[in-house]
Amino acid sequence: MEWRRPTYLDEYEKLLTRMSTPRVMIDNAGCSNATRLTIDSARKHGILLEAVQVLTDLNLSIKKAYICSDGRWFMDVFHVTDLNGNKLTDESVLGCIEESLETIHYGRSKGIDGLTALELTGTDRIGLLSEVFAVLSNLNCNVVDAKVWTHNGRIASLIYLKDDDSGCPVEDSEKLEKMEVMLRNVLRGDNDIRSAKTLVSLAVTHTDRRLHQMMFADRDYDGNICGDAPVVLVQNYLEKDYSVVSIHCKDRNKLLFDVVCTLTDMEYVIFHATVDTSGDRASLEFFIRHMDGTPISSEAEKQRVILCIAAAIKRRASQGVRLELCTVDKKGLLADVTRTFRENGLNVTMAEISTVMGTARNVFHVTDAAGNPADEKIIDSVRQKIGVSRLKVKELPLIYHEKVERGEASAMSWSIGNMVRRNLYNLGLIKSCS
């Protein structure tokens, strides 16, 4: 007798699929100045990072967020706008958001098929990028896509390239070995007190997440956090076995992603969280535990969390003048442009390289040698040499519509303490917020 699969097994599998597929609700009526996204899903480690990663990749600005994980389920509520602070009204955009959130896959990378990925870390200095791109150009390698971050005197870069002649990935082992040796020497320089690293990668991780991992492994969090340093506090709420991480800092795009990415890669589980922005300031709070369910156990671990989160926030904080290059791509373009920067004493603090249908669309943030804003006359001179119509000075996207005065440090700590109590009350973890 022929065996037939029972229909109840098919229905059971359908139920499991529905349970594991995030349910997304989009509401444009409930909030006057933002679009509200609600995500219900079965809980697993990293699911919050997946959701935030999708939103940041779609260039959405997260104004508020409420995250709650109860047992095996979690619910996220995000209030989002475009980068100009507007609600999302385009149906095609809303459909794309819904589809992306319903099909999230942890750790996926995108847009790198057919390219060789190269990871670089080392000591930052003026002209370093110029030397890196010159090496790649001399080896007939075309940089198709790249991101470069600098922080605390260190540099991390993830470069996607292909062979200039064949248009295929660089796979020749001798050429790759030669490339790694030459780039390692460039990165090491004359006095690199830490080891420079080069690695040909399989590139299976999201680019920004991988850059965070590279800088974390390079211990860029050691040392002083300069500039507009974020205020980070870590307290233990022992009654519920949570550690509470509170952050108060300048708001910017992708802030939530950077913090969630760091906590996730440090192997903390986020059970509850709130995000609130006002003007150009942001307050974030996370209720976390270790993977084994225990809170942070020592003062040394608290300090490490504080340093690592502060570093993650500062890595992407733009410094200097933003220059945008848009021109027909050609062999040696990046080497020529970055050499011009070097010859005029400009240091690249951040770069984002992309190539779309033969057109190079590159963004550079530059300062002078001391890390101060570059002189306007030098910028004008550089633009004349590269091409005024090709290299333009651009402002950062307008994502704020009001400015608020920054409080004193004592007031900041007081407001964070009150925020902790208020959010514990809102999450049902205490009976009173007074």
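**Helix ends, burial and confidence**

Author: One detail first: just after helix 9, Gly345 takes a positive phi of about 70°.

Reader: Which residues of helix 9 are buried?

Author: Helix 9 covers residues 333-343. Its buried members are Leu333, Leu334, Ala335, Val337, Thr338, Thr340 and Phe341.

Reader: Why is helix 2 described as largely enclosed by the rest of the structure?

Author: Helix 2 spans residues 47-57. The buried positions run from Ile47, Leu48 and Leu49 through Glu50, Ala51, Val52, Gln53, Val54 and Leu55 to Thr56. Helix 2 is largely enclosed because the buried residues number 10 of the 11.

Reader: Which residue just after helix 2 takes a positive phi?

Author: The phi in question is about 60°. The residue that adopts it, just after helix 2, is Asn59.

Reader: What share of the residues in the protein chain is buried?

Author: A residue counts as buried when its relative accessible area is under 20%. The protein chain has 434 residues, and the buried share is 49%.

Reader: What is the mean pLDDT of the protein chain?

Author: This is a predicted model. In the protein chain, 80% of the residues reach a pLDDT of 70 or more. The mean is 84.

Reader: How many contacts does the stretch of residues 14-19 have beyond near neighbours in sequence?

Author: Over residues 14-19 the pLDDT is below 50. Beyond near neighbours in sequence, the number of contacts in the model is 2.

Definitions and conventions. Residues numbered from 1 in each chain as written. Predicted model: local features only at pLDDT ≥ 70, side-chain atom pairs only at ≥ 80, totals over all residues. Heavy atoms only, no water. Buried < 20%, exposed > 50% of the residue type's maximum accessible area, 1.4 Å probe, protein only. Helix = DSSP H or I, 4+ residues; strand = E, 2+ residues; numbered from the N terminus. pLDDT = per-residue confidence, 0-100. Contact = heavy atoms within 4.5 Å.
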